[in-house]
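Reader: Could we go through this model together, starting with how the helices pack?
Author: Gladly; here it is.
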Amino acid sequence: MLLKQLTKDAETWLRCQGYTQSTIYHNFVRFWNRFCKEEGTDGVYSDTQLKDYVLRAFGIDFGTACPSTLSLKEYRAFHAFRSLAEFASTNAMAGTSMEGASIRQPLTGKSQEALDRYMAHLSGQGHKDSSKKYAYQTIHALLLSQPIEGAGREGISSFLNGLGIHSKRTVNSMSKVIKRFLSFAYDEGITEADLSPAVLSQKKRGGTEIPSVYTAEEIAGLTDFLSSHADNRKRNRAIVMAIAVFGFRAGDMAGLQLEDIDWDKGTIRVIQSKTGSPVEHQLTGAAGNSLADYLLNERPASGDPHVFLKKDGTPMDKTSISTMISGGFVNSGININGRKHGSHSLRHSLASNMLAEGEGILTISKTLGHGSVDSTRIYTKVDIGHLRLCELEVPAHE
């Protein structure tokens, strides 16, 4: 089969399993696209060709690699190409549907009964099929590890600790599902003890989270990478420049229209996607030139009023913009070091860098379009330089 056709069929398979377009692109397609670009979409797929590419591009030996020893970036690539190889062989991917390998493993009688009763409960509550599918997979994994008849808080905690291979968002989501199931099991008399307290809350107090920020040099590195290593290079550069310079949100960029840029006055104006309030900025030379370069030399011919379009002439949405930026961070070689790396991190970075340069919080609040300076105060948490000026001498212990 032609490589191009194989990846298209695999993408369609994932879509039919209920995966979102963002997940499909971020976890699978972006890796496959790089493979296709290097090997040529008109070539015939072969396992040898794929294994050679993975070894050359990522340093991963397909035959001997141990997933648990790979970094997050390496594991994502390994998983994407392992799934493609499996699809080429079987026209399916284990773990991407209810018929995945783990789902086929039988539970104990009482565990299966508990799971069935809970699924009936979710159906009665009117939950969507995608929500029920996710709950089934999550609880099945729990009960496979901790059968309901012998489950205890220690075992539940052990299972939850083993979720560390997943992202924080996934762990949080799975924990919520498990906690609700355990509460149901106790309320229905399935378990004698309430095991739900074993699932610790993942909530954080408002305003306590430290925002992820990047230096001007790191943002320049991201911009340079997107300008030279991807399709839609001029568009992607213009988007990153606008967010990094003006602090716009991804939704603001998705909604930006041609009439919102006044070239005579040199201004750019958006209706904020989050608040509905207008924000206007004076175009800087670099940001303005990037926008003009995209509009004149790359933007598809289209009657659509939106500024940023896909190759087919349809407007981008905020998810595709965030995914583009996140993928750029991951693949550019920038040391993410546990930091968030979506579009909002560029907004955080602008505010924090302005603060570090001595700008007042009222100016930063106005730049970001905040309705209250309280919304801006979170950025003071990362201005280490100014915080050091406030250090107090530690009293000697008597």
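Reader: Which residues in H2 meet H14?
Author: Ser-22, Tyr-25, His-26, Arg-30 and Arg-34 in H2 meet Thr-319, Thr-323, Ser-326, Gly-327, Val-330 and Asn-331 in H14, where contact means heavy atoms within 4.5 Å and helices are DSSP runs (H or I, at least four residues) numbered from the N terminus, as are strands (E, at least two). The model is predicted, so local features need pLDDT of at least 70 and side-chain atom pairs count only at 80 or more, while totals for chains, interfaces and linings use all residues. Residues are numbered from 1 along each chain as its sequence is written, and side-chain values use heavy atoms, leaving out hydrogens and water.
Reader: At what angle do H2 and H14 pack?
Author: The angle is about 50 degrees, with the axes 11 Å apart; the axes are lines fitted to C-alpha atoms over the stretch in contact, and angles run from 0 to 180 degrees between N-to-C directions. That makes H2 oblique to H14, since angles under 35 degrees count as roughly parallel, over 145 as roughly antiparallel, 65 to 115 as roughly perpendicular and the rest as oblique.
Reader: Changing topic, what is the order of strands in the open sheet?
Author: The order is S1-S2-S3, with antiparallel pairing, and two strands pair if DSSP finds at least two bridges between them. Strand S1 (261-262) and strand S3 (278-282) each have a single partner strand, so one side of each lacks a neighbour in the sheet.
Reader: And how many bridges join S2 to S3?
Author: Five bridges join S2 (residues 267-271) to S3, and Ile-271 has Pro-278 in S3 as its bridge partner.
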